[in-house]
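Trainee: Hi! I'm new to this one, could you walk me through it?
Mentor: Happy to. Let's open it up and begin with the ligand.

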Amino acid sequence: MGRLLTLIWLKARMWRHGLRSGTGVADAAAGVAMSILALLFSLGMTAAAGALLHYRLLADDMDRVRIVLLAIGYYSALFAVVVPVFFGLERAGMPIRRLAVFPLSRGALYRLSLFASCAAGLHLLWLPSLLAAFLVAVVGHGADPLAWGAFLGMLGCCLLVWCHTALLIVQRLTARRSAREILAIVAFATLMIASVTPAAIGSLEEETEDGISRILEVLAGAARAASVLPPSLAADGLVAAHAGYSDALVPGLGSLGWLTAWTAAGVGLGFLVFARGLRDGGAPPASRSGAGAGRGLPGVDRLTWLPGAVRAVAAKELRYLLRSTVGRFSLAMVPVIMIVVSLAFDKAITTSFLGVDPTGVLFLGAMLYASIFSSNSVFNAFAWERGGMRTYFMFPVDPRHVILGKNLGMWLYNAIIAAECVIVFVLVAGSPGVAMIMSGWLTFAAALLAATLTGNFISAAFPVSRDISRVANSPSQIGFLASLVVLATIASMIGGLAAIASLTGSLWVLPILLTALLTAEIGVYVALLGTAARFLAGRRERLVRAAQVAL
Amino acid sequence: MHAIETHDLSKRFGDVAAVDGLDLTVEAGTFFGFLGPNGAGKSTTINMLTGLLAPSAGTARILGRDVVGEAVEAKRRIGVVPEQSALFERLTGPEYLRFVGRMYSMPRPTIDARSAELMELMGLADDGRKLIVDYSHGMRKKLSISAAVIHEPRVLFLDEPFEGIDAVASRLIRSILQQMIASGVTIFLTSHILEIVEKLCSHVAIIHQGRLVAQGPLEELRAGVEGPATDGEPRSLEALFLSLVGGEGTAERGLSWLD
Ligand SMILES: Nc1ncnc2c1ncn2[C@@H]1O[C@H](COP(=O)(O)OP(=O)(O)OP(=O)(O)O)[C@@H](O)[C@H]1O
Ligand SMILES: [Mg+2]
């Protein structure tokens with residue numbers, strides 16, 4: 001307990017020292033703004049969960065109650081486990097690894113790490129929904145507090161534990177595989193899925209209903225298949241317990257048992273992975289030596305017309321992205337997301353949007369979405385430099401070349417991601433047509449360039465040092481907010497262009513409009529490069545210091 | 001033309017004057033030792049001379065180039081081993097040297113040849129595929145030194161290059177430095193190991209609390225101290241150092257709970 005308090009004290013101190021500078025205050029303000037947004041979202045979801053459950057309980061429609069509980073459970077799982085893992089949003093950031101020098105057992109360290117993860121603000125996005133469900137059922141409808149408390153409480157614990165464990169596992173796995181191996185695995189998996197997809201989609205083809213109920217049906221179908229997952233266990237167990245049949249006791253207790261087993265397994269597995277990580281002294285071995293080191297990067301080396309410094313920085317940047325956990329993880333995760341999106345929603349969206357055919361809309365949306373993955377490296381571009389940050393200012397290079405090199409390396413990496421997206425989508429969902437594929441590429445490029453434009457300033461103004469071997473690699477609070485704003489802006493611009501294009505009825509208008517948008521952005525990029533470079537050079541002392549912060 | 005020339009060079013961090021009105025002149029081809037106690041402002045001075053820190057006041061010129069106004073031109077002619085590492089830890093040694101060479105716009109074949117030679121000479125050749133994170137402290141230092149000399153600098157800044165280096169490597173580095181001096185390079189060195197400074201440097205300056213307290217040829221400075229001449233030697237650099245920075249009498253102090 002004393003140690004826990006010490007850690008909280010440490011965290012508070014570090015936060016307060018962070019406020020010493022003007023940018024620290026600005027960043028903290030952005031953090032507050034973001035928390036308010038997140039809180040509003042959370043309140044909305046909590047109210048929705050409570051209201052839905054209330055009406056279904058009122059109608060005593062247990063089938064629908066079950067669906068609502070499933071929705072709440074999977075929503076919680078989404079924000080507890082999937083979102084932190086997919087986006088590296090875990091913000092806990094307690095320096096657990098560095099505590100290893102103190103006389104603390106591995107168990108104590110694991111508990112501290114778990115606690116830090118549970119205390120992450122992100123969990124406020126879903127925990128209130130579970131609480132709301134409990135209150136509505138128990139207070140509003142006089143349900144059994146023991147049963148509801150046990151199921152929902154255990155589900156909450158289970159999700160908290162798995163958030164921590166999933167992050168640990170992903171971090172270790174991605175760090176142990178080189179980028180090439182990951183690409184090979186993804187290619188293999190995509191081909192396997194693509195070969196069975198036609199059959200799977202064919203079986204869903206029979207009925208045609210409106211979009212929403214199709215989606216619900218697909219989700220319900222998936223949930224049936226996933227009845228061994230914790231949210232399903234909780235929902236099924238609760239429904240059985242709530243119905244109050246005498247023969248419900250056994251299945252109810254069974255569900256609770258399984259749920260507890262999930263939680264225990266999460267703790268056990270998490271501890272194993274954590275302990276191995278400690279034994280390896282921090283970063284897992286493959287992320288350190290060997291894997292992929294020393295191979296050439298022909299892509300960058302061939303660009304001989306570029307200044308040497310640009311090529312040097314670009315090559316370094318690309319190597320770093322391919323050697324980072326986040327970089328490798330995105331390579332693996334983006335195709336998975338494309339597969340899920342195309343399978344789950346492809347047949348669900350039957351209405352065309354703004355005259356564009358559904359597959360096309362889906363494709364554009366997915367490409368825009370995939371560009372989010374760049375935000376880590378764009379809005380906090382100096383996250384991994386450490387001492388290397390000095391080199392940009394020690395060597396006789398034009399700061400414009402540093403920025404250009406960093407951007408180029410990041411664009412090359414993102415070109416790989418975009419290529420993956422297109423290939424996976426075409427294999428799994430079918431080709432949306434050449435004009436659409438071009439539009440998709442252009443959408444991705446336009447979103448990326450808009451982010452880069454902004455990111456060049458945000459990265460220099462709000463640098464945060466991050467550990468390259470962690471999945472969690474978030475930018476500063478302001479960086480995160482900026483990424484949302486940029487994405488929303490660019491999405492609405494592209495939406496507008498799509499609307500204009502649809503009026504003309506020609507498929508080729510959209511790519512032409514997007515090319516015009518991209519050209520305009522390139523103009524702005526070139527015009528701003530000098531300003532960004534001066535800004536970067538002017539902030540070198542701060543940047544060197546921020547990069548130095550050990551984690 | 002002086003290799004290094006500063007005029008009233010100052011750096012303030014908030015209320016603290018880390019470097020205060022420094023007037024320093026280093027002739028080309030000298031092996032110059034820059035000494036001072038911890039926190040005296042040595043690294044701050046080097047950081048200003050190498051463009052990592054902007055001076056709060058004053059000017060500095062390297063081979064006649066202003067370090068602020070002609071930063072790129074000045075940096076082209078210098079090599080730096082900073083106090084804290086400037087390595088990209090997720091690159092291998094050769095990758096880092098290639099990075100550095102390109103940053104100095106060197107042609108690729110030259111980079112490759114010199115990088116191989118440096119790795120060999122420093123005894124790092126067998127670790128060519130290791131990432132720098134996995135290097136030992138001394139290996140990093142050796143790589144830093146390699147990176148600082150790969151582009152044939154005319155002025156070399158070394159901030160504590162011998163810290164954490166074994167005797168063999170220290171010998172090797174000293175001989176490389178002497179070879180550079182022989183070829184006309186100017187070396188600006190800070191070190192707390194006064195024996196090494198005595199062996200290598202022809203000129204020294206001593207800085208204390210941001211101000212220069214002595215500057216000149218080593219022999220002249222030693223001759224001027226009033227101190228106990230030990231073992232028949234003239235006066236040692238240590239005696240000079242202690243007398244200038246007020247460190248006499250520290251040997252009698254200690255921890256209260258060990259008495
Ligand atoms: N970025 C900074 N912000 C605030 N103060 C600083 C900063 N960098 C250095 N200082 C202060 O400036 C003074 C000189 O520091 P410097 O690093 O130049 O000392 P040094 O002579 O190199 O010492 P050492 O022998 O220990 O390396 C110290 O008081 C230090 O606290
Ligand atoms: Mg120093």
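Mentor: This is a predicted model. In chain B, strand S2 (16–26) and helix H1 (42–49) each supply at least two residues of the shell around ligand 1.

Trainee: Which element gives the most to that shell?
Mentor: H1(B) gives the most to the shell around ligand 1, with three residues.

Trainee: And which residues surround ligand 1?
Mentor: Ligand 1 is surrounded by B:Phe13, B:Val16, B:Ala18, B:Gly36, B:Asn38, B:Gly39, B:Ala40, B:Gly41, B:Lys42, B:Ser43, B:Thr44 and B:Glu83. Sorted by class, the shell has four nonpolar, six polar and two charged residues.

Trainee: You mentioned S2. What does S2(B) pair with?
Mentor: Strand S1 (residues 4–13) of chain B is joined to S2(B) by seven bridges, and the two run antiparallel. For example, B:Ile4 has B:Val26 as its bridge partner in S2(B).

Trainee: How many residues sit between the strands of that hairpin?
Mentor: The hairpin of S1(B) and S2(B) has two residues between the strands, and B:Gly14 takes a positive phi near 60° there.

Trainee: Okay, new topic: the open sheet in chain B. What's the strand order?
Mentor: The order is S6-S7-S8-S3-S9-S10 in chain B, six strands with mixed pairing. Strand S6 (78–81) and strand S10 (211–217) of chain B are at the edges with a single partner strand each, so one side of each has no neighbour in the sheet. From one strand to the next, the twist averages 15°.

Trainee: How do S3 and S8 run, parallel or antiparallel?
Mentor: Strand S3 (residues 31–35) and strand S8 (residues 186–190) of chain B run parallel, joined by three bridges. If you want a pair to click on, B:Phe32 stands opposite B:Phe188 in S8(B).

Trainee: Nice. Which helix packs on S3, S9 and S10 of chain B?
Mentor: That is helix H9 (residues 237–245) of chain B, which touches S3, strand S9 (203–208) and S10, with its direction at about 30° to that of S9(B). Look also at helix H5 (residues 137–149) of chain B, which lies across S6 and strand S7 (155–159) and runs at about 170° to S6(B).

Trainee: How is chain B divided into domains?
Mentor: Domain 1 covers 1–77 + 154–248, and domain 2 covers 88–152. The C-alpha centres of these two domains of chain B lie 26 Å apart. Seven residues of domain 1 are in contact with seven residues of domain 2. On the domain 1 side there are five nonpolar, one polar and one charged residues.

Trainee: Now chain A. How many residues does each chain bring to the A–B contact?
Mentor: Chain A brings 29 residues and chain B brings 29 residues. On the chain A side, helix H13 (308–323), helix H17 (391–394) and helix H22 (540–548) each supply at least two residues. H13(A) gives the most to that side, with eight residues. By class, the side of chain A that touches chain B has eleven nonpolar, eight polar and ten charged residues.

Trainee: Last one: at what angle do H18 and H21 of chain A pack?
Mentor: Helix H18 (residues 399–429) and helix H21 (residues 509–538) of chain A pack at about 105°, with axes 8 Å apart. H18(A) and H21(A) are therefore roughly perpendicular to each other.

Trainee: Which residues make that contact?
Mentor: H18(A) uses A:Pro399, A:Arg400, A:Val402 and A:Ile403, while H21(A) uses A:Leu529, A:Gly530, A:Ala532, A:Ala533, A:Leu536 and A:Ala537. They divide into eight nonpolar, one polar and one charged.

Definitions and conventions: Residues are numbered from 1 along each chain as its sequence is written. Chains are lettered from A and ligands numbered from 1 in the order in which they are written. This is a predicted model: local features need pLDDT of at least 70, side-chain atom pairs count only at pLDDT 80 or more; totals for chains, interfaces and linings use all residues. A residue is near a molecule or strand if its C-beta atom, placed from the backbone, lies within 6 Å of it. Helices (H or I, at least four residues) and strands (E, at least two) are DSSP runs, numbered from the N terminus. Ala, Val, Leu, Ile, Met, Phe, Trp, Tyr, Cys and Pro count as nonpolar, Asp, Glu, Lys and Arg as charged, and the others, Gly among them, as polar. Two residues are in contact if their C-beta atoms, placed from the backbone, lie within 7 Å. Two strands pair if DSSP finds at least two bridges between them. Axes are lines fitted to C-alpha atoms, for helices over the stretch in contact, and angles run from 0 to 180 degrees between N-to-C directions. Domain bounds come from an automatic or database domain assignment. Angles under 35 degrees count as roughly parallel, over 145 as roughly antiparallel, 65 to 115 as roughly perpendicular and the rest as oblique.
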